[in-house]
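Welcome, and thanks for taking a look at this one with me. Here are a few notes to read alongside the picture.

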Amino acid sequence: RARRAALEVKRAEQAAPADPAVVLLVGCGLPFEDKRIVIVDPETGEPCPPGTIGEIWLAGPHVAQGYWGQSEDTRQTFQARLAGGEGPFLRTGDLGFLDDGELFITGRIKDLIIINGRNYYAQDFEQTVASCHPALLPGGGAAFAVTEPAGEQLVIVHEVRPDSAPLNVDEVAGAIRAAVAAEQEQPVYAVLLVRAGSLPRTPTGKIQRYKCREQYLASRPPAAST
């Protein structure tokens with residue numbers, strides 16, 4: 001039970017029993033003796049102090065040698081070194097922390113949304129939105145940030161159920177904005193409701209947030225809208 005406000009500033013702190021703003025995190029277990037996990041500041045390469053969220057770097061015999069025929073990608077991902085030169089490590093691209101030696105994952109670097117200096121994870125917004133109105137398709141949403149003159153702004157794109165017609169767009173969009181305001185205390189800059197199956201996905205069915213963002217930027221309206 002982690003404090004949401006602490007996670008937003010890259011800290012891992014146990015929530016008090018009465019704290020309403022709580023994020024439940026599931027531990028991944030302890031590393032074996034011949035494997036090493038280091039939590040690292042991805043910008044500086046310095047190991048993070050205890051209780052600080054950073055990128056998860058791995059070392060040990062379980063780590064592959066690299067990508068076949070991709071020497072530069074191999075160097076950047078599989079041959080990372082700490083600021084002091086220690087290494088090599090595998091950069092996982094995951095963010096997390098260690099608590100009594102146990103690993104907790106909080107999200108992916110590429111899915112991190114930074115608004116007004118606070119850190120949010122796309123999946124948290126998506127989970128909040130998915131259950132806020134019966135017209136929304138479970139697992140059919142994407143959250144991302146766009147840069148506007150006023151700074152980073154939150155955009156929500158979500159698929160609606162095929163049987164939801166006729167759709168009250170204002171009602172659904174209002175429910176999304178209210179849910180995000182209540183749960184994450186953030187305004188939503190734009191809400192886009194799309195047909196089921198419209199969002200770009202990987203071959204395994206995962207929604208590609210970066211492609212959703214690219215499509216939005218290529219066709220977005222001149223001002224925030226629903």
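1. Is Phe-97 buried or exposed? Phe-97 is buried, at a relative accessible area of 8%; buried means under 20%, exposed over 50% and partly exposed in between, with a 1.4 Å probe and protein chains only.

2. A word on the basis: this is a predicted model, where local features need pLDDT of at least 70 and side-chain atom pairs count only at pLDDT 80 or more, while totals for chains, interfaces and linings use all residues. Residues are numbered from 1 along each chain as its sequence is written, and side-chain values use heavy atoms, leaving out hydrogens and water.

3. Phe-97 has a ring partner, Phe-104: their centres are 5.2 Å apart and their planes at 5°, so the pair is stacked. (Rings of Phe, Tyr and Trp, the last by its six-membered ring, pair if their centres lie within 6.5 Å; planes under 30 degrees apart are stacked, over 60 edge-to-face, and the rest tilted.) Phe-104 is also buried, at 12% relative accessibility.

4. Tyr-120 and Phe-125 form a tilted pair, with centres 5.4 Å apart and planes at 40°. Tyr-120 is buried at 6%, and Phe-125 at 0%. The count of aromatic pairs comes to five.

5. Phe-125 turns up again in the largest nonpolar core, which has 19 residues. Such a core is a set of buried Ala, Val, Leu, Ile, Met, Phe, Trp, Tyr and Cys residues joined through side-chain atoms within 4.5 Å. Ala-143 and Ile-176 are also among those with the most contacts inside it.

6. Do look at Ala-143, which touches residues including Ile-113, Phe-125 and Arg-209 (heavy atoms within 4.5 Å), leaving aside residues up to four places away in sequence. A second, separate core of 11 residues includes Ala-142 and Cys-212.
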